[in-house]
Amino acid sequence: MVKYRLMISADMENIKKLRPASGVDDPSFNYYLKMKCGNCGELTKKEISVNSKEKVSNSWDSPNLIMKCKFCEKVGTVTVISGKGRPLTQGLSEQGKYAPLMELDCRGYEPVEFMFGSGWKAESIAGTNFEDIDLSEGEFAEYDEKGECPVTIYNLRSTINVLMSDFKEMLLDYKIRRERCDAEQRARKKENESHL
């Protein structure tokens, strides 16, 4: 199992925040992704849609999606991990930085590309909310009457970062604890030798 973090960025004019319409943890927000089979490397022909609301079964640990590779027939799962996202802010945008949108736990598949779609919400610097924005064309432009200024979102970017798998995280934690223990033993040994 490997975890991935989807990060987004954009150039924004007179926009304070950009996020999914019902918040970054909206369970019905659809994430559109191109996936790659971890076994043979085959890419999905079309983007797949996944959200945290739809589960394969009623079990609490059930994945949100089960896929079968059309080339090698390997089966893989995708699970959306809630509580990991935050809005893209004006400050992050101005610095050219990315905001984490969500995390995925993937088994047998790797997300390789995110496609912006509909269902976004933007808040202007004057406090005006723009609802149900469709970013599938790569930009958004409106006029904020309250703030008396144009608002735009363009140059949409995304990146998908590989996070440590649980196994690697466990090994790293073990290695750190082992190094601490070894350092403590060396310090005790050195202290005992100095008393002799």
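## Exercises on a predicted model

The largest cavity holds about 70 Å³ of space. The model is predicted: local features need pLDDT of at least 70, side-chain atom pairs count only at pLDDT 80 or more, and totals for chains, interfaces and linings use all residues. Residues are numbered from 1 along each chain as its sequence is written, and side-chain values use heavy atoms, with hydrogens and water left out.

**Exercise 1.** Describe the lining of the largest cavity.

*Solution.*
1. A cavity is a set of points, on a 1 Å grid over the protein atoms alone, where a 1.4 Å probe fits but cannot get out; lining residues have an atom within 4 Å of a point.
2. The lining comprises 15 residues, and Val 24, Asp 25, Tyr 31, Val 80 and Ser 82 are the closest to the cavity centre.
3. Strand E6 (75–81) and E8 are the elements that give two or more residues to this lining. Strands (E, at least two residues) are DSSP runs, numbered from the N terminus.
4. By class, the lining has eight nonpolar, four polar and three charged residues. Ala, Val, Leu, Ile, Met, Phe, Trp, Tyr, Cys and Pro count as nonpolar, Asp, Glu, Lys and Arg as charged, and the others, Gly among them, as polar.

**Exercise 2.** Locate Arg 157 and Asp 11, and state how the two are paired.

*Solution.*
1. Arg 157 forms a salt bridge with Asp 11, with the closest N and O atoms 3.7 Å apart. The term denotes a side-chain nitrogen of Lys or Arg within 4 Å of a carboxyl oxygen of Asp or Glu.
2. Arg 157 belongs to strand E13 (residues 149–162) and Asp 11 to strand E1 (residues 2–13), so the pair ties together parts that are 146 residues apart in sequence.
3. Arg 157 is buried, at 19% relative accessible area, while Asp 11 is partly exposed, at 23%. Buried means under 20% relative accessible area, exposed over 50%, and partly exposed in between (1.4 Å probe, protein chains only).

**Exercise 3.** Classify the exposure of the partners in the Glu 131 and Lys 121 salt bridge.

*Solution.*
1. The side chains of Glu 131 and Lys 121 meet at 3.7 Å, N to O.
2. Glu 131 lies in strand E11 (residues 129–133) and Lys 121 in strand E10 (residues 120–124), so parts 10 residues apart in sequence are tied together.
3. Glu 131 is partly exposed, with a relative accessible area of 48%, whereas Lys 121 is buried, with 15%.

Technical notes:
1 Å grid on protein atoms, 1.4 Å probe; cavity = no way out; pocket = protein on both sides within 12 Å on 5 of 7 lines; lining within 4 Å. Points joined across faces, edges and corners; volume = space filled by probe spheres on them. Helix = DSSP H or I, 4+ residues; strand = E, 2+ residues; numbered from the N terminus.
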